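Dear colleague,

My notes on what was found in it follow directly after.

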Amino acid sequence: MTEHFFRNEYGKMVSVITKYIGTENVQTAEDIVQETLLKAVDYWQHKGIPKNPQAWLYTTAKNLTLNVLKRKKYQTEFNDHTIEQSSEQLENLQISKELIADEQLKMMFVCCHSSIFENSQITLILKILCGFSISEIANAFFTSKETINKRLVRGRKQLRTNNVSFEIPKNLIENLPIVLKTIFLLFNEGYSPTQKNELIRYDLCLEAIRLTEILAQSDIITKKADCYSLLALMYFNASRFDSRMNTTNSIIEMDKQDRKNWNQELINKGIQNLNQATKQKQISIYLILATISANHCIAPSFEETDWEEILSLYDSLIELQDTPISRLNRSVALSKVKGNTEAISELKHLEKITQIDKNHLFHSTLAELYKLENETEKAKSSYKKAISLTNNKRDIKMLQKKLIEVVLI
């Protein structure tokens with residue numbers, strides 16, 4: 001409970017504190033929050049969790065920030081008037097959901113300032129706003145902790161040297177896509193975690209949904225089609241949470257899931273947001289992905305899914321984003337519409353022209369298709385290759401089970 005609570009509050013507190021000490025001191029804001037959380041762990045272990053833990057955190061963070069401002073008053077590089085003004089405002093700080101949402105909205109765009117490289121933008125927002133550890137960000141990017149450290153250092157330096165103001169940018173529409181891209185990455189890390197041996201990390205997924213809702217509910221953002229589309233996509237995917245694992249935390253694939261356990265309330269929220277997105281008549285990657293997910297959610301069964309519609313949607317997606325992963329996902333719909341043999345042929349061609357063969361999902365998909373075509377030896381070989389390419393115990397367990405099933409045929 002405490003870990004989830006701290007994760008949820010981390011980015012909120014950093015955003016609020018940064019308002020008073022400036023974006024050039026964002027690392028100081030992070031240090032204050034870290035110290036606040038350490039004090040909370042120590043105090044709460046001995047005294048128990050307070051009745052209002054959020055208020056306790058913000059009071060402690062406020063006092064630590066005031067101490068920092070007092071120290072800076074005696075440093076010549078800081079403006080005394082600005083520090084006194086910030087201190088007075090901070091003394092009178094009244095925490096509310098509206099204040100936190102406003103400051104987080106500003107922080108999203110600060111992290112995605114045009115002067116900062118895209119990789120650093122995403123790294124900053126995951127670290128500062130979402131409380132990701134450096135190792136988690138490295139896993140999300142499939143890179144090293146050293147690389148992520150360099151991106152953070154570079155991003156913070158650019159915040160300092162470019163004197164980025166803590167406000168909503170005038171060119172908001174240009175900055176919105178990178179914010180949405182970052183949030184989508186956050187959701188995916190929660191939905192298919194790369195670090196912990198967990199099937200779903202609810203806290204990360206819920207955080208991604210919460211951040212997107214801040215964007216969708218903001219009066220400042222007028223063109224919200226992508227916000228609604230991304231929300232719809234996340235709600236549809238989240239609706240299947242309770243059906244994706246069994247009592248032993250093993251993966252249950254969609255064709256074997258009990259659709260009665262799908263969360264209809266979340267599906268309805270997805271449909272509502274999808275309807276909002278389609279009103280604006282703006283085709284986008286998020287809209288297509290959300291519509292694909294909607295087709296899965298409204299289908300009475302896996303067999304009764306409108307695969308022709310999904311295949312058509314993937315064709316449209318590839319026109320906008322022709323990536324190996326998009327084509328890999330398309331192959332499943334292709335097999336349902338035009339047969340396994342054609343899907344296998346498409347995948348073998350994809351293997352020749354890309355590096356998709358380094359992804360375990362490519363080989364597991366191919367293995368499934370071979371299995372359906374009763375090509376047992378090829379299926380076994382593909383499953384073994386998939387197992388060799390993943391370090392995730394959860395995926396290895398599922399693939400080994402599938403391999404045994406093929407062997408026993």
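In which helix is the place of alanine 101? Alanine 101 belongs to helix H5, residues 97-111; helices here are DSSP runs of H or I with at least four residues, numbered from the N terminus. Because its relative accessibility is 24%, alanine 101 counts as partly exposed. The terms used are buried for under 20% relative accessible area, exposed for over 50% and partly exposed in between, with a 1.4 Å probe and protein chains only. The C-alpha atoms of alanine 101 and serine 15 are 9.3 Å apart, although 86 residues separate the two along the chain.

Please note that this is a predicted model, in which local features need pLDDT of at least 70 and side-chain atom pairs count only at pLDDT 80 or more, whereas totals for chains, interfaces and linings use all residues. Residues are numbered from 1 along each chain as its sequence is written, and side-chain values use heavy atoms, with hydrogens and water left out.

Aromatic contacts

The structure holds 5 aromatic pairs; rings of Phe, Tyr and Trp (its six-membered ring) pair if their centres lie within 6.5 Å, and planes under 30 degrees apart count as stacked, over 60 as edge-to-face and the rest as tilted. One of them joins phenylalanine 6 and tryptophan 44, with ring centres 5.6 Å apart and planes at 45 degrees, so this pair is tilted. It links distant parts of the chain, as phenylalanine 6 lies in helix H1 (residues 2-21) and tryptophan 44 in helix H2 (residues 26-47), 38 residues apart. Both phenylalanine 6 and tryptophan 44 are buried.

Another pair is formed by phenylalanine 184 and tyrosine 286, whose ring centres are 5.6 Å apart and whose planes are at 85 degrees, so it is edge-to-face. Phenylalanine 184 is in helix H9 (residues 172-191) and tyrosine 286 in helix H13 (residues 285-298), so the pair ties together parts 102 residues apart in sequence. Phenylalanine 184 and tyrosine 286 are both buried. Ring pairs also link Phe6, Tyr43, Trp44 and Trp56 into a cluster.

Nonpolar core

The largest nonpolar core has 120 residues; such a core is a set of buried Ala, Val, Leu, Ile, Met, Phe, Trp, Tyr and Cys residues joined through side-chain atoms within 4.5 Å. Among those with the most contacts inside it are Leu57, Met107 and Leu215. Leucine 215 touches residues including Leu105, Phe109, Val179 and Ile221, not counting residues up to four places away in sequence; contact means heavy atoms within 4.5 Å.

Helix H18 (residues 376-388) has 13 residues and reaches 18 Å from its first C-alpha to its last, close to the 18 Å expected at 1.5 Å a residue; the expected span is 1.5 Å times one less than the number of residues. Its buried residues are Ala379, Lys380, Ser382, Tyr383, Ala386 and Ile387. They cover an arc of only 165 degrees around the axis, which puts them on the same side of H18; the arc is that of the directions from the helix axis to the C-beta atoms. On the other side, Glu377, Lys384 and Ser388 are exposed.

Asparagine 374, in the loop between H17 and H18, has a positive phi near 60 degrees although it is not a glycine. Asparagine 374 is exposed, with a relative accessible area of 66%.

With kind regards

Technical notes. Helices (H or I, at least four residues) and strands (E, at least two) are DSSP runs, numbered from the N terminus.
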